[in-house]
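Please read these points with the structure open beside you.

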Amino acid sequence: MRGFPIFLQLMTNPADLVKPVSQRPNKGIREDNKLRLEDHAAHDWYRFVLSFPAHLVRSYIDRFALNSTHTVLDPFCGTGTTIVECKKHGIPSHGIEPNPMAAFASRTKVSWQIDPDGLVAHTNKIARLTLQKFAEEGIEDEGEIPLLGSSRRIIPKLKILSPELDKLLLTNSISPLPLHKTLLLLETLEENKNDQFGAHEQLALAKSLVNEISNLHFGPEIGVGLIKDDAAVVNPWLRAIKKIAGDIKHLQHTANIPAIVHQADARDLMALLPPQSIDAVITSPPYPNEKDYTRTTRLESVLLGFIKSKEDLRRLKQTLVRSNTRGVYKSDTDDRMVEDHAEIQRIAEAIEARRIELGKTSGFERLYARVTKLYFGGMLRHLTDLRPLLRPGAQLAYVVGDQASYLRIMIRTGQLIADLAKSAGYEVVGIDLFRTRLATATRAQLREEVVVLRWPGPPKVNGWSPAEETGMVMKDEPPKNSMKKTDLTEASSKIANRYSAIIEKIFFAKYKKGMRQVPFEREEIETFAAKLNVKLPKNIGDLIYSFRYRTPLPESITRLAEAQHIWIIRPTGRSKYSFALVKNTPILPNERMAVTKVPDATPGIVAKYAFSDEQALLAKVRYNRLVDIFSGVACYSLQNHLRTTVPEIGQVEIDEIYIGVDKKGAHYAFPIQAKGGKDKLNIVQIEQDLAVCAAKFPLLVCRPIAAQFMAGGVIALFEFEAGENGVTIVSEKHYLLVAPKDVTDADLKNYSTRLAQS
């Protein structure tokens with residue numbers, strides 16, 4: 001976990017953490033961000049200088065009443081504080097961390113099954129061999145200036161890093177001689193590699209590099225301190241190894257408790273863990289500031305081989321929530337997730353106005369406003385993607401802090417995260433004050449808080465889940481735990497009525513007879529809602545989504561369409577749309593189409609709990625390789641819920657995208673649209689899929705596919721192409737998933753006959 005400054009005012013009574021802020025004493029006793037004595041085991045094998053304190057994790061383990069029957073997730077795992085503490089308490093856990101060095105550290109810090117005596121014996125052997133190499137080159141390992149009169153041979157040639165690797169490091173982060181000695185130690189480790197002990201030996205070296213061998217200084221920003229011409233290497237490494245071995249002897253009683261680390265992006269979680277498998281989340285995401293967390297681990301990441309090029313570094317940064325301007329890319333789109341959040345937009349505008357006022361013109365300063373929106377959009381994307389993994393009633397604790405790093409504009413991170421979580425369907429239990437700290441520039445008190453959430457589970461309306469579909473909760477809905485099914489149905493009806501009133505007002509304010517395009521912008525939804533005195537959902541985009549994919553436009557609009565045409569809503573750019581009159585090309589399954597039986601490969605537990613929505617449909621298509629069967633190409637799921645931006649269209653979302661290769665080596669992109677329940681396939685979605693392929697996969701053959709549930713569990717698949725007559729269906733097949741015994745000899749003979757006729 002990460003994000004904590006060193007000098008802090010700490011609330012020292014753990015019981016205060018579970019009280020509302022108004023009930024807490026204002027003690028403010030100073031304490032450096034150091035481990036308590038009782039917390040050193042495993043935690044201090046290697047940790048970020050800004051690491052999250054273990055005692056706070058314990059406080060929320062106790063508050064959430066967690067035990068061995070529960071599973072905890074830390075989606076911003078860092079160097080593993082939460083998973084280490086959970087393992088100590090006998091609680092299974094998962095950690096998500098994209099930084100390969102930090103993920104390696106976390107994984108090693110929960111590996112307690114090795115033989116500690118064997119570890120010490122092996123490292124002693126490595127030390128002897130390395131010191132022998134030092135002696136042959138006339139090198140001492142004390143790291144001090146030799147006494148007057150002592151002799152030391154001139155080293156003919158020092159080992160160095162390649163120019164490409166050297167450019168990745170902070171200048172003077174390690175002096176030439178300590179680097180040479182470190183590379184000799186790594187060489188010896190590689191020559192005498194031991195699979196049982198290798199990870200712990202490397203982690204001990206990583207700790208020694210940061211704390212004793214290098215010239216790095218943390219205060220709390222990483223920088224270069226006093227330049228040391230020489231530094232001991234082997235002895236600090238041996239001390240770190242002996243500490244690890246000693247800890248393992250005391251920790252082996254919980255060595256078998258599962259603690260799994262996934263090197264992945266916290267914004268793309270659904271493919272990592274089973275649905276409804278997490279009981280609690282305890283985590284500290286990065287804060288919106290100018291700290292580049294990849295710099296914190298850069299030296300050890302390069303020397304241990306986790307980052308080998310600028311391209312590796314770029315790929316790493318692209319998997320991080322955008323919390324600083326050094327990790328922002330033109331293709332980033334997370335800011336679209338919060339374009340309707342008034343307070344986040346106000347903060348971004350205030351930052352940009354302050355930048356202009358102060359005459360700040362550097363490339364990084366110009367990105368301050370954008371990275372603020374990207375950060376909160378990324379956090380909303382994380383919270384949205386997390387929901388399917390949570391069991392109903394799951395409890396969550398997010399440690400975040402206020403920031404004023406961007407030209408002294410205050411960002412109340414905790415309040416904004418709580419608001420985004422509420423919009424995504426979570427219940428906000430409270431915001432606990434953890435501690436305060438002084439802002440470096442202004443000396444103002446900044447709050448560090450724990451946002452406490454609860455996931456109630458997705459509400460159901462007529463068998464489908466609006467929270468799963470839209471990711472938002474309407475402001476005028478009653479609390480979910482008090483809503484009966486009839487109440488939900490009535491609420492859904494009210495939402496539909498107010499949506500219709502707003503969309504009619506927009507259309508008829510601009511429509512003139514004969515028009516085939518009626519453009520409008522998202523902000524007009526707010527304008528007309530205010531005129532009608534109608535409450536808006538927090539996610540304004542849900543209104544557009546409803547009329548594009550779920551429900552027809554109001555009858556007052558549809559009756560204006562000419563014969564064999566319909567009115568639809570098309571995106572035309574960022575926050576821009578148009579009512580468009582198009583030829584009516586319904587995508588409806590042909591009820592007379594033959595059905596092909598396919599042996600059902602859906603895991604039983606998935607089939608048991610699957611709904612009839614698009615997620616269930618996508619799962620069945622994926623597990624049974626129906627895209628491969630339908631297309632005749634070997635296909636692999638690349639990503640689900642792909643959100644991206646397309647020129648002249650704006651933000652679009654594809655339910656799932658597959659990449660395939662045929663026997664001749666041609667590569668294919670298969671964007672998949674799926675509809676279950678009452679949702680209908682729409683030709684506009686297919687147009688968007690084609691546009692995404694053209695923009696993102698220009699060298700691949702694009703074959704858009706749509707899937708639709710039919711009566712009796714039949715799955716209809718369609719393939720489309722774009723031609724002179726627009727988007728048309730080129731292929732349609734129907735599949736029925738059955739038990740293997742239900743595929744009869746007669747069925748097989750029938751399918752063989754089809755093959756002969758094709």
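**Notes on the predicted model**

1. The lining of the second largest pocket is made up of 9 nonpolar, 9 polar and 10 charged residues. The model is a predicted one, and this pocket has a volume of about 810 Å³. Of the 28 residues that line the pocket, Asp268, Arg381, Gln639, Leu642 and Arg643 lie nearest its centre.

2. Strand β16 (634-646) gives the largest share of that lining, 7 residues. Among the elements that each supply at least two residues are β16, β17 (650-661), α15 (368-386) and α25 (683-696).

3. Helix α7 covers residues 176-191, and its 16 residues should span 22 Å at 1.5 Å a residue. The C-alpha atoms at its ends are 22 Å apart, which agrees.

4. Of the 16 residues of α7, 12 are buried, so the helix is largely enclosed by the rest of the structure. Buried here means under 20% relative accessible area. The buried residues include Leu177, His180, Lys181 and Leu189. Their cover includes α5 (116-136), α8 (198-213), α9 (234-251) and α11 (298-303).

5. Strand β20 (residues 705-709) has 5 of its 5 residues buried. Ile705, Ala707 and Phe709 point one way from the strand, while Ala706 and Gln708 point the other way.

6. How does β20 pair with β18, in the parallel or the antiparallel sense? The two pair in the parallel sense over 4 bridges, and alanine 706 of β20 is the bridge partner of glutamine 673.

7. With β21 (residues 715-723), β20 pairs in the antiparallel sense over 5 bridges. Glutamine 708 has alanine 716 in β21 as its bridge partner. The two strands form a hairpin with 5 residues between them, and glycine 712 in the turn has a positive phi of about 75 degrees.

Conventions
Residues numbered from 1 in each chain as written. Predicted model: local features only at pLDDT ≥ 70, side-chain atom pairs only at ≥ 80, totals over all residues. Heavy atoms only, no water. Expected span 1.5 Å × (residues − 1). Buried < 20%, exposed > 50% of the residue type's maximum accessible area, 1.4 Å probe, protein only. Contact = heavy atoms within 4.5 Å. 1 Å grid on protein atoms, 1.4 Å probe; cavity = no way out; pocket = protein on both sides within 12 Å on 5 of 7 lines; lining within 4 Å. Points joined across faces, edges and corners; volume = space filled by probe spheres on them. Nonpolar A, V, L, I, M, F, W, Y, C, P; charged D, E, K, R; others polar. Pairing = 2+ DSSP bridges.
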